[in-house]
There are 2 protein chains.
Amino acid sequence: MKAEIITIGDELLIGQVVDTNSAHIAQQLNDAGLDVVHIASVADNGSDIVSALDAATARASAVLITGGLGPTNDDRTKQSILGYFHSGTRFDQGVFQHITELLSRRGVSVNERNRDQAKVPDNCTLIYNPLGTAPGLWFEKNNTTYLFMPGVPYEMVAVLSNAMPLLHNHASGSAIRHKTILTQGLPESMLAKKIEAWESALPENLSLAYLPSPGLVKLRLTGRGASNKEIDISINEQVINLKKIIPDYIFGYDQDTIERVVGDLLKEKGAWLATAESCTGGAIASMITSVPGSSIYFRGSVVAYANLAKLELLHVNEVLIRQYGAVSKEVVEAMAAGAREILHADYAIATSGIAGPDGGTDDKPVGTVWIAIASPGGMFSAMHRFGDERERNIRRASVTALNMLRKAILGLL
Amino acid sequence: MKAEIITIGDELLIGQVVDTNSAHIAQQLNDAGLDVVHIASVADNGSDIVSALDAATARASAVLITGGLGPTNDDRTKQSILGYFHSGTRFDQGVFQHITELLSRRGVSVNERNRDQAKVPDNCTLIYNPLGTAPGLWFEKNNTTYLFMPGVPYEMVAVLSNAMPLLHNHASGSAIRHKTILTQGLPESMLAKKIEAWESALPENLSLAYLPSPGLVKLRLTGRGASNKEIDISINEQVINLKKIIPDYIFGYDQDTIERVVGDLLKEKGAWLATAESCTGGAIASMITSVPGSSIYFRGSVVAYANLAKLELLHVNEVLIRQYGAVSKEVVEAMAAGAREILHADYAIATSGIAGPDGGTDDKPVGTVWIAIASPGGMFSAMHRFGDERERNIRRASVTALNMLRKAILGLL
């Protein structure tokens with residue numbers, strides 16, 4: 001069964017806001033067995049909204065729409081919907097009470113704009129929005145289902161989650177399954193070369209996609225068939241074959257992230273981690289602590305941006321910096337050893353490099369990054385040459401360092 | 001003149017990858033005076049690509065397309081294009097040489113897949129791609145212009161930048177201008193209420209949009225008219241009026257970010273910054289160091305996730321933690337004072353809170369965050385109650401802390 005997504009908002013068309021809603025909705029629809037065939041972003045005006053609804057209706061039997069339901073004057077979706085579904089409005093006491101409670105918890109009093117949000121179309125099902133003032137609106141018309149949701153991402157997530165049972169009812173039986181294999185350490189074309197024979201021997205019902213992002217390449221296997229179980233067996237067989245070809249490069253699957261994989265390994269071991277970051281500037285600590293529960297294996301970090309922080313906090317010997325420079329094997333190893341000691345950790349990651357755009361030399365161009373891992377099994381370090389772009393360099397260094405830690409914990413270094 | 005964007009890739013339709021390309025392209029097109037009226041994401045298969053091209057051609061005179069030009073088997077755009085533009089292929093020696101050089105710099109040897117990328121359509125203009133193996137392809141057909149670009153974001157950015165002169169030629173004279181006012185500290189509906197009279201008195205040719213994101217609300221003014229200069233005068237007049245109504249809440253404009261605004265203030269003052277982060281886990285340091293050149297005002301950070309890091313590295317008195325708890329005015333102020341001292345900084349930010357999902361109590365529920373600023377003018381601290389969601393709490397605490405620092409530097413606290 002086919003589905004489409006429409007995101008409404010002028011901010012999308014002028015590129016001020018990145019549309020993250022579509023990706024989330026698409027994931028959820030896929031998991032429910034719905035096949036997303038088209039995503040459109042249109043302006044917040046009546047005629048464009050109606051054209052987009054017409055085009056989607058011609059192709060799909062479920063249309064999910066976000067945006068334009070807010071309390072401010074630039075939100076025009078609700079007006080356009082009323083005409084499209086030949087709907088009147090009614091004042092909903094339940095919605096109004098929810099709005100009042102929500103705002104009073106935030107210390108805000110209800111104003112006329114908020115009160116207007118309790119006026120809802122009179123021929124739709126309301127979907128509860130625990131996090132915001134605008135409820136989701138579920139319409140059915142000529143065998144097509146329409147779900148209108150707020151555009152604020154976390155409100156949309158909550159509304160969609162409440163609408164999933166209705167969507168599951170709507171979805172039919174033809175199955176699609178995806179499995180993603182996460183690799184680190186090989187660029188896309190080298191990876192493609194290495195797994196060429198495996199790829200061309202894939203069965204007919206499986207297809208492969210390469211998804212590169214800074215520091216890693218994801219391989220997505222998509223299978224189609226009669227049942228989830230049948231497809232899963234076929235996919236798992238191929239994953240086992242792939243693991244034999246590139247065992248050390250695979251660090252996880254599907255929604256895994258390198259920070260979560262490393263966190264799980266540390267938890268299993270009952271080991272403590274610390275970081276000493278120069279060029280990554282706290283990005284590694286930030287990735288690690290984005291994982292709920294990380295406080296049971298992460299002691300903390302010294303972001304030693306200035307050399308004096310390397311000397312005074314991490315106890316790096318000044319002679320090393322003078323002799324080898326801050327971006328060197330000697331200094332990055334001393335940083336890792338220092339962090340491991342002062343933060344009473346079992347493992348420590350250290351980074352020192354030139355993220356750019358300035359600071360490069362002939363010897364050490366922008367993109368040069370030293371990474372060290374201090375561990376119970378000894379010290380490991382490696383130099384990398386990433387690219388020219390600051391943000392990407394920080395990201396690639398962080399991902400590479402976390403994968404190096406993973407290998408150190410597993411005894412693969 | 002109207003433009004459309006089409007992003008191609010199955011990964012977009014299953015929600016595995018967020019489409020960031022569209023926002024960047026839309027910004028560039030807007031700056032060139034082109035009005036983006038529609039963005040579509042479609043699957044990497046010939047018929048969907050051709051349908052999307054047809055639909056876009058019916059509405060717009062410039063169509064920008066990304067994706068499907070890579071070296072792997074799942075990239076089908078090039079094949080579909082050949083039919084659509086009645087084009088043959090030719091082997092381009094210049095492209096092949098570029099591919100060879102690019103790969104050898106990465107220590108990779110050229111394989112058959114890479115060689116195939118030098119086969120290009122024979123009736124288009126090639127746009128140089130300095131960062132990747134697939135060049136951009138510029139077609140013209142019946143007064144409509146088509147630009148095909150690679151899907152990897154940084155390659156697309158490079159190709160688009162090289163195509164901008166051609167796009168400027170293509171664009172006509174009707175002007176659109178945007179100005180965004182960045183606010184922090186007021187939720188959307190309170191802000192809307194506060195500026196209601198100003199909003200309803202806006203001239204006809206200006207429109208306003210509210211763009212909330214965690215920790216801040218952006219206000220975007222869009223003007224249309226005969227010339228950029230005329231619109232800018234009208235917009236600037238309104239911004240001056242707005243500044244009188246909410247002076248303390250505005251921290252910047254357009255592409256400003258709070259981390260860049262704060263960095264510029266520190267640079268002006270010749271002052272040094274340090275951070276001591278508990279619940280934000282390095283996110284503030286990471287934001288600060290994402291700004292090129294931040295090493296001239298940022299000493300570093302102690303991410304004191306474990307209490308022992310607060311005691312040993314930041315010299316927080318153990319009695320304070322025992323008496324008031326780690327999430328308290330007393331401890332967060334001691335952390336800020338400690339960071340300021342040990343990192344020899346003029347200003348220090350400290351955070352301590354409960355990001356969630358676990359760790360909340362009746363007294364201090366999830367979302368409770370204490371923020372302190374130690375400064376030459378004294379110590380400032382405040383408690384905030386954010387929400388239930390870990391990632392958003394970290395982001396809101398970071399943005400709020402940086403804005404508090406901004407106010408401390410400007411003497412607004």
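Biologist: Is the crossing of H3(B) and H4(B) left-handed or right-handed?
Modeller: The model is predicted, with local features needing pLDDT of at least 70, side-chain atom pairs counting only at pLDDT 80 or more, and totals for chains, interfaces and linings using all residues. Residues are numbered from 1 along each chain as its sequence is written, and chains are lettered from A and ligands numbered from 1 in the order in which they are written. A crossing is left-handed if the near helix is turned anticlockwise from the far one by less than a right angle, and right-handed if clockwise. For H3(B) and H4(B), the crossing is right-handed.

Biologist: At what angle do helix H3 and helix H4 of chain B pack?
Modeller: H3 covers residues 46-59 and H4 residues 77-84 of chain B, and their axes are 9 Å apart. Axes are lines fitted to C-alpha atoms, for helices over the stretch in contact, and angles run from 0 to 180 degrees between N-to-C directions. The angle between H3 and H4 of chain B is about 55 degrees.

Biologist: Which residues of H4(B) make the contact with H3(B)?
Modeller: Residues are in contact if their C-beta atoms, placed from the backbone, lie within 7 Å. From H3(B) come Gly46(B), Ile49(B), Val50(B) and Leu53(B). Their partners on H4(B) are Thr77(B), Gln79(B), Ser80(B) and Tyr84(B).

Biologist: In chain A, how far apart are the axes of H11 and H16?
Modeller: H11(A) passes H16(A) in a left-handed crossing. The two helices, residues 258-269 and 390-410 of chain A, pack at an angle of about 30 degrees. Their axes are 9 Å apart.

Biologist: Which residues of chain B does Met335(B) contact beyond its neighbours within four places in sequence?
Modeller: Met335(B) is among the residues with the most contacts inside the largest nonpolar core. Its contacts, those neighbours aside, are Ala276(B), Ala304(B), Lys310(B), Leu314(B), Val316(B), Ala350(B), Ser352(B) and Ala372(B).

Methods
A nonpolar core is a set of buried Ala, Val, Leu, Ile, Met, Phe, Trp, Tyr and Cys residues joined through C-beta atoms within 7 Å. A residue is buried if 20 or more other C-beta atoms lie within 10 Å of its own, exposed if 12 or fewer, and partly exposed in between; C-beta atoms are placed from the backbone. Two residues are in contact if their C-beta atoms, placed from the backbone, lie within 7 Å. Helices (H or I, at least four residues) and strands (E, at least two) are DSSP runs, numbered from the N terminus.
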